[in-house]
Amino acid sequence: MQTNLADFIKDTPEGREADAILRKCVHCGFCAATCPTYQLLGDELDGPRGRIYLMKQVLEGKPVTAKTQLHLDRCLTCRACETTCPSGVHYSRLLDIGRHIVEERIGRGGFESLQRKALRTVIPNPALFKPLLKLGQLARPFLPAALKSKVPPSAAAAKPWPQGSHARTMLVLEGCVQPSLSPATNAAAARVLDRLGITLIRASNAGCCGAVSLHLNAQDEALAYMRRNIDAWWPHIEQGAEAIVMTASGCATMVADYGHLLAHDPAYADKAARVSALMQDISEVIGANKEKVLALSPHASRLTPHARIAFQAPCSLQHGLKMKGQVEALLADLGFDLVPVPDSHLCCGSAGTYSILQPELSQRFLANKIRALTSESPTAILTANIGCQSHLQTATKLPVRHWIEALDEACRT
Ligand code: SF4
Ligand code: SF4
């Protein structure tokens, strides 16, 4: 695609990056076939090609309107278009840049600004999020259906964190909402890794990965979270931690980008690149130790979980980390009984803060996803990201949890 970026942006790092991304797009439109918002709304401007065109206009200095902002806001940032694109267009990065400029140009109304500020204040801060969640859960039975759908039911209690200490260590990101919404997840990861002879370390002072702020156009705030995490992890990395393990694929996608996003910060560029290189989704760690995991089974070759599982592949896992099908294959190898899930590439509508900011669209994606997940009558749903887990749980009575919890139970030792 030919471009002619405006003076205000063309000689900046963001401008050069956006220009390179735009030039890769050949306008073929293949990406529309897998875009959830295009499929639902049928408007070219609610598909990737149309949004790319809108952002090109913004970057070329054309007037920015509320309509431009609306179509960019409706994007889930699910990145299904990136998986489909034959030209390797890094759409999500272009969207981060485009949304930021649009927000700077036309701002937002009072309520929207307040809502976004509240989300950025509460979600990354467990001291605020946890008591508010508790309050919501206590009031849940009395809430009208529309509000009830926003409050996930109380989480299962965590099993004990292992006390053992091994020579092999890995860090784990606790994240912001996961310890409140699903404390069992990281405890299960620590228990499984402990059986494999690996100690999982929770670094004090680490917290939100920065994704909430980044996707709400607060770039500097997001970068500050990233630097804080790097500072918290760095002493452990120097002491030999082998990996930074992620049990939320949304956060994993963000940490994988630290190196790129901090590349222009001389104080953090090298450390950020190292952190991104050390990041591993928990499935990669388990996959590398698969034979040892199978040896933990009483049957020595196959774990024997009882449930019929529908696996919900988070967009961040399949499109962000490009690990499409890998967790499903791992679980099948380990002996899990997986049912087929139609349209597994489509987003469940959680998408960070999308479920709050775009509630109507989000509920339609959720209904479609639940229909797909339950089409083969599973007895449980497993996933790999806390946002999807909580969102799905508001719409089904089937248990929804991270697959590492099911693996922890299936190991039985
Ligand atoms: S983003 Fe990729 S798939 Fe979509 S129109 Fe551009 S080149 Fe084609
Ligand atoms: S990120 Fe998802 S919703 Fe946004 S344009 Fe791409 S496929 Fe569509």
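**Helix packing, burial and an aromatic pair**

Mentor: Helix 2 and helix 7 are oblique to each other, and since this is a predicted model, that description belongs to the prediction.

Trainee: At roughly what angle do the axes of helix 2 and helix 7 cross?

Mentor: The axes of helix 2, residues 13-24, and helix 7, residues 91-106, come within 10 Å of each other. An angle over 145 degrees would count as roughly antiparallel, and one from 65 to 115 as roughly perpendicular. The two helices are oblique, and the crossing is left-handed, with an angle of roughly 135°.

Trainee: Which residues of helix 7 make the contact with helix 2, and how many residues in the contact are charged?

Mentor: On the side of helix 2, the contact is made by Glu-14, Glu-17, Ala-18, Ile-21 and Leu-22. By class, the contact has five nonpolar residues and no polar ones. Helix 7 contributes Arg-93, Leu-94 and Ile-97, and the number of charged residues in the contact is three.

Trainee: Is Ala-218 buried or exposed, and what is its relative accessible area?

Mentor: Ala-218 is found in the loop between helix 13 (211-215) and helix 14 (219-238). Leaving aside residues up to four places away in sequence, Ala-218 touches Arg-120 and Ser-213; Arg-120 is 98 residues away along the chain, yet the C-alpha atoms of Ala-218 and Arg-120 are separated by 8.6 Å. Buried means under 20% relative accessible area, and Ala-218 is buried, with a value of 10%.

Trainee: Why is the pair of Trp-233 and Tyr-258 stacked, and at what angle do the ring planes lie?

Mentor: The structure holds one aromatic pair, and the ring centres of Trp-233 and Tyr-258 are 6.5 Å apart. The pair links distant parts of the chain, with Trp-233 in helix 14 and Tyr-258 in helix 16 (residues 258-261), 25 residues apart, and both residues are buried. Planes under 30 degrees apart count as stacked, so the pair is stacked, with its planes at 25°.

Trainee: How many of the eight residues of helix 24 are buried?

Mentor: In helix 24, residues 386-393, the buried residues are Ile-386, Cys-388, Gln-389, Ser-390, His-391, Leu-392 and Gln-393. What covers them includes helix 11 (178-181), helix 12 (184-195), helix 22 (354-357), helix 23 (359-373), strand 7 (380-383) and strand 8 (400-402). Helix 24 is therefore largely enclosed by the rest of the structure, the number of its eight residues that are buried being seven.

Terms used. Residues are numbered from 1 along each chain as its sequence is written. Chains are lettered from A and ligands numbered from 1 in the order in which they are written. This is a predicted model: local features need pLDDT of at least 70, side-chain atom pairs count only at pLDDT 80 or more; totals for chains, interfaces and linings use all residues. Side-chain values use heavy atoms; hydrogens and water are left out. Axes are lines fitted to C-alpha atoms, for helices over the stretch in contact, and angles run from 0 to 180 degrees between N-to-C directions. Helices (H or I, at least four residues) and strands (E, at least two) are DSSP runs, numbered from the N terminus. Angles under 35 degrees count as roughly parallel, over 145 as roughly antiparallel, 65 to 115 as roughly perpendicular and the rest as oblique. A crossing is left-handed if the near helix is turned anticlockwise from the far one by less than a right angle, and right-handed if clockwise. Contact means heavy atoms within 4.5 Å. Ala, Val, Leu, Ile, Met, Phe, Trp, Tyr, Cys and Pro count as nonpolar, Asp, Glu, Lys and Arg as charged, and the others, Gly among them, as polar. Buried means under 20% relative accessible area, exposed over 50%, partly exposed in between (1.4 Å probe, protein chains only). Rings of Phe, Tyr and Trp (its six-membered ring) pair if their centres lie within 6.5 Å; planes under 30 degrees apart count as stacked, over 60 as edge-to-face and the rest as tilted.
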